[in-house]
Amino acid sequence: MRKKLSYQINTGAAFLWMGFVLSISFMEAWLKFQAPGITIPLGLGIGKLVFRALNIMEWVFAITILCAGFLGKQKNFLKENPFLILSVSIIAIQTIWLLPALNHRAELLINGHNPGESMLHIIYVVCEIIKMIGLFIYGTKLLNYEHY
């Protein structure tokens, strides 16, 4: 794979990834509860489904970027892209820990139990913000790359 194509794929994937997260995490997540007739259990059920799909798509974008970077023979690809590493690390944390913990809480609520107070949603939102900053910096760095 040529280096120029690698940068083009990575730039597109980074900004598409950002668009998915911004539209789901920062818009759909709270808007669905504004719709008439949406109960907390129904909204949580929808949220579980949508965030599972988002997580899969995030891994598709991350793997696409990593493969294009390595196949494009970009020297020191990971070493030169700490903001990409940050974003990929965050989806790993979300996949392994945060989403399963949030799904467990959602199941408790759906089944009529009170799981008590938790900081998990705040942690998730902070992770999303950090991930967006990382992807934005990574993507704009690619846009400014002039040595294809």
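Ser25 is placed in helix 1, where helices are DSSP runs of H or I with at least four residues, numbered from the N terminus. The model is a predicted one, in which local features need pLDDT of at least 70 and side-chain atom pairs count only at pLDDT 80 or more, while totals for chains, interfaces and linings use all residues. Residues are numbered from 1 along each chain as its sequence is written, and side-chain values use heavy atoms, with hydrogens and water left out. Ser25 counts as buried because its relative accessibility is 14%; buried means under 20% relative accessible area, exposed over 50% and partly exposed in between, for a 1.4 Å probe and protein chains only. The side chain of Ser25 makes a polar contact of 2.4 Å with the side chain of Glu128. A polar contact is a pair of N or O atoms within 3.5 Å; within protein, one must be able to donate a hydrogen and the other to accept it, and residues adjacent in sequence count only if both atoms are side-chain atoms.

Helix 1 contains 29 residues, and the distance from its first C-alpha to its last is 41 Å, close to the 42 Å expected at 1.5 Å a residue. The expected span is 1.5 Å times one less than the number of residues in the helix. At Ile24, helix 1 bends by about 30°, the bend being the angle between axes fitted to the seven residues ending at a residue and the seven starting there.

For helix 2, the end C-alpha atoms are 45 Å apart, which agrees with the 46 Å that its 32 residues should span at 1.5 Å a residue. At the start of helix 2, the backbone nitrogen of Leu42 has a side-chain oxygen of Thr39 within 3.2 Å. Lys73, which follows helix 2, has a positive phi near 55°. The loop between helix 2 and helix 3 includes Lys79, which is exposed because its relative accessible area is 71%. Between the C-alpha atoms of Lys79 and Gly116 the distance is 42 Å, with 37 residues separating the two in sequence.

Cys127 belongs to helix 4 and counts as buried, since its relative accessibility is 13%. The C-alpha atom of Cys127 lies 9.1 Å from that of Ile93, although the two residues are 34 apart along the chain.

The largest pocket holds about 600 Å³ of space. A pocket is an open set of points, on a 1 Å grid over the protein atoms alone, where a 1.4 Å probe fits, with protein on both sides within 12 Å along at least five of seven lines; lining residues have an atom within 4 Å of a point. Its lining comprises 21 residues, of which Ala29, Leu44, Phe51, Leu102 and His121 are the closest to the centre. Helix 3 gives the most to this lining, with six residues. The lining of the largest pocket has twelve nonpolar, five polar and four charged residues; Ala, Val, Leu, Ile, Met, Phe, Trp, Tyr, Cys and Pro count as nonpolar, Asp, Glu, Lys and Arg as charged, and the others, Gly among them, as polar.

The second largest pocket has a volume of about 160 Å³, a volume being the space filled by probe spheres set on the grid points, which are joined across faces, edges and corners. Among the residues that line the second largest pocket are Lys3, Tyr7, Phe77 and Tyr145. Helix 4 contributes the most to this lining, with three residues.

How values were computed. Helix = DSSP H or I, 4+ residues; strand = E, 2+ residues; numbered from the N terminus.
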